[in-house]
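Subject: Handing over a structure, with notes on what was found

Dear colleague,

I am passing this structure on to you, and I would be grateful if you could look through it alongside the notes below.

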Amino acid sequence: MRSTGPVRRIGRLLMATTATAAAGAVTALSLAATPAAAAPTGTTATRPGDACTAADLGTRHPYIKSTEVSPTITHFKGWYVTEGTTGQQTVSTDTTTVISVSVGLNDTIETSFAVEALSNVKATVGLDVKLEYTSTSEESNSVTWNLTQPGYYGFYKGTKKVTGTYGSLNCNRAQQDDGSWALEWTEGPGSGSFTTFTTLEEGAVRCQDGVPADSIMAKAQALLDCGSAAAKADHPAGAVAPTAQQKPDRPALHPTPTTPAEQPTATAHSTRAALDCSAEAYKIAVPGKPLSWGAPLLADDGVRLRPSSIFSAHLDNWRLCNVTEQDGVLEASLWNWGNGGCATIAEQNASTERAVLMTVPCAEDDLQRFYVYRDVPGSSKIGVQNKYTGSMMGYDRYADGEFIRQYSSGRQDGTGTFDLTAV
């Protein structure tokens with residue numbers, strides 16, 4: 001280990017700061033693609049600049065930056081009805097467009113952050129959108145409709161596809177215009193795009209039917225290609241060969257992500273990194289209580305809450321290494337004095353909610369980098385976020401031997417807030 005002057009100064013500054021400074025129902029009359037940049041007045045979604053408390057230091061929330069609503073046809077079949085074949089018809093349609101629910105690259109929607117993001121989308125656009133993973137390809141393609149007039153029909157299913165972008169808000173200290181400090185929700189690392197959709201609607205429409213412009217019905221009518229010779233020709237009753245417009249889109253394969261959404265690429269754990277660490281060592285402790293982060297002696301064990309004593313063998317002592325700061329947020333590797341390893345989330349568990357914090361040989365790897373969110377000067381309270389996964393560190397319950405784990409939105413009960421105290 002070696003220590004450099006600039007990093008020592010960061011360590012002293014941090015120690016001095018902490019020690020001495022203080023839905024609507026969806027109808028077939030769908031709207032056209034409509035942009036929306038912010039949640040409507042009256043919603044309770046967290047916004048940048050809102051006040052937060054020290055208990056929020058270990059949490060994060062998504063906020064919706066932009067949305068677009070587009071009527072989309074997902075299933076379609078051209079069908080010709082002649083005199084004597086009117087009445088109720090059941091038609092098996094072809095898939096034209098596949099819409100899958102996703103947040104970032106993660107389409108499992110199992111984490112609290114992803115669910116909250118989609119809930120905020122619902123509030124933003126005022127539509128009853130899907131809040132869990134599903135795909136329009138999983139829907140039945142059968143459409144039943146009562147036809148009273150002969151003609152060339154398009155049997156369809158459609159939905160409102162909702163897409164957009166989101167950001168991530170973290171609680172951190174911010175200096176006010178008068179020089180004082182306060183805790184605010186500020187935009188932190190972690191942003192991406194989302195896709196969801198409303199309940200599928202079905203129907204049948206003819207070329208001569210009057211339909212509202214930019215509705216799902218109008219989208220289906222456009223697929224009939226009413227001006228073409230094929231649409232104007234007489235056909236026997238039943239299915240009509242699809243036109244070029246009606247042929248299914250080639251569904252894009254949605255790969256299982258090998259890395260979490262919107263995060264930098266991790267590097268392999270191949271070589272020991274040469275770290276520039278602060279001379280000061282710290283305990284990362286539960287505020288007002290004796291248990292703190294204790295690194296394991298065994299490689300396959302994780303970081304746990306442990307009591308500090310003369311027998312702790314420095315496993316409860318951590319140094320901040322390769323420290324940088326941007327917009328008031330520290331970024332550092334957490335090197336353990338006792339076992340010489342760096343804190344990390346195992347690569348195979350990067351996208352797993354409640355994955356255990358481990359220590360491994362130090363390397364240039366974003367899985368070993370952490371953001372540190374700080375309380376106002378005069379307080380040593382912090383929140384800790386893994387740079388690669390975007391998840392916050394916390395624990396399930398206060399108990400000797402309890403693992404430190406990652407939570408996509410943090411622990412909303414305040415158990416993700418710790419004290420960073422110089423040893």
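The notes that follow begin with the model and the chain as a whole, then turn to the disulfides and to one helix.

Please keep in mind that this is a predicted model, in which local features need pLDDT of at least 70 and side-chain atom pairs count only at pLDDT 80 or more, whereas totals for chains, interfaces and linings use all residues. Residues are numbered from 1 along each chain as its sequence is written, and side-chain values use heavy atoms, with hydrogens and water left out.

The chain as a whole

The protein chain contains four helices and 22 strands, where helices (H or I, at least four residues) and strands (E, at least two) are DSSP runs numbered from the N terminus. Of its 423 residues, 52% count as buried, a word that here means under 20% relative accessible area, with exposed meaning over 50% and partly exposed in between (1.4 Å probe, protein chains only). The accessible surface of the protein chain comes to about 18,700 Å², and 52% of that surface belongs to carbon and sulfur atoms; such areas come from the Shrake-Rupley method with a 1.4 Å probe, and for residues only the protein chains shown count as cover.

The disulfides

A disulfide is a covalent bond between the sulfur atoms of two cysteines, and the criterion applied here is a pair of cysteine sulfur atoms within 2.5 Å. The structure holds four of them, and when the bonded cysteines of the protein chain are numbered in sequence order, the pairing reads 1-2, 3-4, 5-6, 7-8.

Because C52 lies in the loop between strand 1 (34-36) and strand 2 (60-81), while C171 belongs to strand 7 (residues 151-175), the pair ties together parts that are 119 residues apart in sequence. C52 is buried, with a relative accessible area of 9%, and C171 is buried at 0%.

C277 and C321 form another disulfide, with their sulfur atoms 1.8 Å apart; the torsion about its S-S bond is about 100°, so it is right-handed. Since C277 sits in the loop between strand 10 (238-239) and strand 11 (282-285) and C321 in strand 14 (residues 318-326), the pair ties together parts that are 44 residues apart in sequence. C277 counts as buried at 3% relative accessibility, as does C321 at 0%.

C342 is joined to C362 by a disulfide with an S to S distance of 2.1 Å, and this one is right-handed, given a torsion of about 95° about the S-S bond. The pair links distant parts of the chain, 20 residues apart, with C342 in strand 16 (residues 342-345) and C362 in the loop between strand 17 (357-360) and strand 18 (369-374). Both cysteines are buried, C342 at 1% relative accessibility and C362 at 0%.

Helix 2

In helix 2, the buried residues are F113, A114, A117, L118, N120, V121, T124 and V125. They cover an arc of only 155° around the axis, which puts them on the same side of helix 2; the arc is that of the directions from the helix axis to the C-beta atoms. Helix 2 is followed by G126, whose phi is positive, near 70°.
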